Amino acid sequence: MFERPDVGERAVLVHIDFTAHDGTEDPGEFRELVTSAGVEPVCTVTGSRKQPSPRFFVGEGKLEEIRDAVAANEADVVLFNHALSPRQERNIEHELKCRVLDRTGVILDIFAQRARTHEGKLQVELAQLEHMSTRLVRGWTHLERQKGGIGLRGPGETQLETDRRLLRERIKSIHKRLEKVRRQRNQGRRARERADIPTVSLVGYTNAGKSTLFNRITTSSVYAADQLFATLDPTLRRLELPDIGPVVMADTVGFIRHLPHKLVEAFRATLEETTQATLLLHIIDCHDPRRDENIEQVEEVLAEIGADEIPMLQVFNKIDLLENFTPRVERNEEGIPVRAWVSAVTGEGLDGLFDAIVERVAEDVVHHFVLLGPADGKLRALLHEAGSVLSEEYRDSGDTVVEVRLQNRDWQQLLSRAGVNEKSIRLDGGHE
C-alpha cells in the first residue's frame with residue numbers, strides 16, 4: 001500500500017511539546033521508529049505550543065522553519081511525531097510540496113515491511129486501508145469529476161466515490177478472511193484446551209527483548225533485532241516443562257506508547273493468543289529510562305484487549321546492561337513469584353525464570369505420598385509411565401510408599417484408569 005523506494009529516504013522530523021496536553025510523545029523513540037522504517041532522519045524541528053493549530057497543526061512561523069529544513073537538507077518526506085487529521089496532512093503537503101506522514105503512518109509503514117505471514121499481511125493491509133480511507137481526497141482532487149461518454153452520461157459516479165466504494169469492498173473482504181483465520185485459530189486453541197495444554201504468552205513494550213528471550217527459552221530462530229516492531233506475526237512453539245508436561249509458548253507483537261486504536265483492532269486476531277493465555281510473561285527492558293511509563297502503556301493495551309485479568313509474571317530483561325546486578329526472583333506476600341530479573345542475551349537468571357514459570361503455571365500440581373499394596377500394581381506402573389514418581393520406599397509388609405508429583409487432572413485420570421479410590425491410598429494432606 002505504501003510505495004517506498006529501495007534507497008533510503010531523507011526525512012525531516014517534527015516534534016512539538018504541547019503545554020495543554022499530558023502524555024507527550026518521546027522524540028528519541030520516534031527517531032528509533034523512523035530509523036526502523038529504513039528512513040534517514042536528517043533534521044529534527046522542535047517547538048512548543050499551547051495546543052495544535054486546526055489548519056497546519058503548527059504555527060505559520062514553524063511551518064516556514066520546516067519548509068527551510070526540507071530545502072536545506074533535500075528531504076523527501078516530513079514525519080510528525082503526532083497524530084494529524086487528514087485535513088492537516090493535506091494542508092501541510094500543499095504548503096511544503098512534499099509527502100507528509102504522521103506517527104500512525106510511520107508505524108503502518110514499519111508494519112508493512114515486517115509482516116511475513118498471510119495473516120500478518122492481511123492485518124497490515126486492513127489497518128492501512130482504514131487509515132487511508134479518510135485521506136483518499138489527497139491524491140484524487142484532480143479526478144473529482146463525473147464520468148462521461150456514451151452510455152455513461154448523467155450524474156454517474158466520481159472517481160473519488162469509486163475509490164471509496166472499492167476501499168469499502170476490500171475492507172469488507174479482508175474482515176471476512178480474518179474472521180476465517182480467527183475461527184481456525186480458535187479450533188487450534190480449543191484442541192489445546194481439550195488436551196489441557198497451558199499457553200504462556202510473551203507480551204511487552206516493543207524492543208524489550210521478547211523474541212530474544214523466546215528464542216533462548218524455546219531454542220527457536222524467530223527474527224530478533226535491536227529495532228522497534230521486529231516481530232509482527234505470532235509465533236507458537238511447544239515446550240516441555242518439568243511437572244507440567246507440554247506447554248505452548250507464544251511470541252506476540254510489541255506494544256508502543258499511544259498505539260493507534262485501529263492498529264489494536266486490526267491485530268485483534270494476533271492478540272487473541274494473549275487474551276486466551278494461561279500465564280502472561282510481561283517482558284520489560286530494565287535498562288530503559290522510561291521503564292515505568294512503558295509498563296503502564298503495556299498494561300493499558302492489555303486492559304483494552306481484555307487481558308488484564310490473566311495471571312502475569314513480570315520479567316525484567318537486559319540485566320547485563322546494569323552494573324553488578326545479580327539475577328533473582330521476587331515473590332509477593334503469599335510467596336508467589338511475581339518478578340524475575342534475567343538477561344536473554346547472556347542467559348543469566350533463566351533457570352530461576354523457568355522455575356517461576358513452572359510454579360505459576362503449576363498452581364494445580366499435587367505432591368502426594370501414597371501407600372500402594374501388591375494389588376495396586378497397575379497404578380504404580382501408570383505413575384512410572386507418566387514420569388511422576390519422585391521416590392519409593394519398600395516396606396516389609398510388601399507395600400510401597402510412593403512419592404508422586406504431577407498435575408491434579410493427570411492424577412485424577414490415572415486413578416480412574418487404575419480403578420483406585422484416592423482415599424484408600426493417600427498418606428498426606430493434599431495439594432501443594
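Which residue in S11 is the bridge partner of Gln314? In this predicted model, the bridge partner of Gln314 is Arg339 of S11. The pairing belongs to a set of three bridges that join strand S9 (residues 312–317) to strand S11 (residues 337–341), the two strands running parallel. Helix H12 (residues 350–361) packs on the sheet, where it touches S5, S6, S8, S9, S10 and S11. The direction of H12 makes about 170° with that of S9.

The sheet as a whole is open and comprises seven strands in the order S6-S7-S5-S8-S9-S11-S10, with mixed pairing. From one strand to the next, the twist averages 25°.

Strand S8 (279–285) is joined to both S5 and S9. Five bridges connect S5 to S8 in parallel orientation, and Ile283 in S8 is the bridge partner of Gly204. Six bridges connect S8 to S9, again with the strands running parallel, and Asp285 has Asn317 of S9 as its bridge partner. Between S8 and S9 the chain passes through H11, giving a β-α-β crossover that is right-handed. Helix H11 (residues 291–304) lies across strand S5 (199–204), S8, S9 and S11, and runs at about 150° to S8. Strand S8 is mostly covered, seven of its seven residues being buried. Leu279, Leu281, Ile283 and Asp285 point one way from the strand, whereas Leu280, His282 and Ile284 point the other way.

Burial also marks helix H8 (residues 210–218). Seven of the nine residues of H8 are buried, so the helix is largely enclosed by the rest of the structure. The buried residues are Lys210, Ser211, Leu213, Phe214, Asn215, Ile217 and Thr218. They pack against S5, S6, strand S7 (245–251), S8, S9 and H12. Thr219, which follows H8, has a positive phi near 50°.

In helix H13 (residues 377–385), the residues Leu379, Leu382 and Leu383 are buried. Viewed down the axis of H13, its buried residues fall within an arc of 100°, so they line one face of the helix. Just after H13, Gly387 adopts a positive phi of about 70°.

A search of the whole structure identifies three aromatic pairs. The ring centres of Phe57 and Phe80 are 6.0 Å apart and the ring planes stand at 90°, so this pair is edge-to-face. Phe57 lies in the loop between strand S2 (39–49) and helix H2 (60–73), and Phe80 in strand S3 (residues 77–80), so the pair ties together parts that are 23 residues apart in sequence. Both Phe57 and Phe80 are buried. Phe325 and Trp341 form a tilted aromatic pair, with 4.9 Å centre to centre and 40° between the planes. This pair links distant parts of the chain, as Phe325 is in the loop between S9 and S10 and Trp341 is in strand S11, 16 residues apart. Phe325 is partly exposed, with a relative accessible area of 21%, whereas Trp341, at 8% relative accessibility, counts as buried.

Conventions
Residues numbered from 1 in each chain as written. Predicted model: local features only at pLDDT ≥ 70, side-chain atom pairs only at ≥ 80, totals over all residues. Heavy atoms only, no water. Pairing = 2+ DSSP bridges. Helix = DSSP H or I, 4+ residues; strand = E, 2+ residues; numbered from the N terminus. Axes fitted to C-alpha atoms, helices over the stretch in contact; angles between N-to-C directions. Contact = heavy atoms within 4.5 Å. Buried < 20%, exposed > 50% of the residue type's maximum accessible area, 1.4 Å probe, protein only. Arc of directions from axis to C-beta. Right-handed = clockwise from strand over helix to strand, strands pointing away. Phe/Tyr/Trp six-rings, centres within 6.5 Å; stacked < 30°, edge-to-face > 60°.
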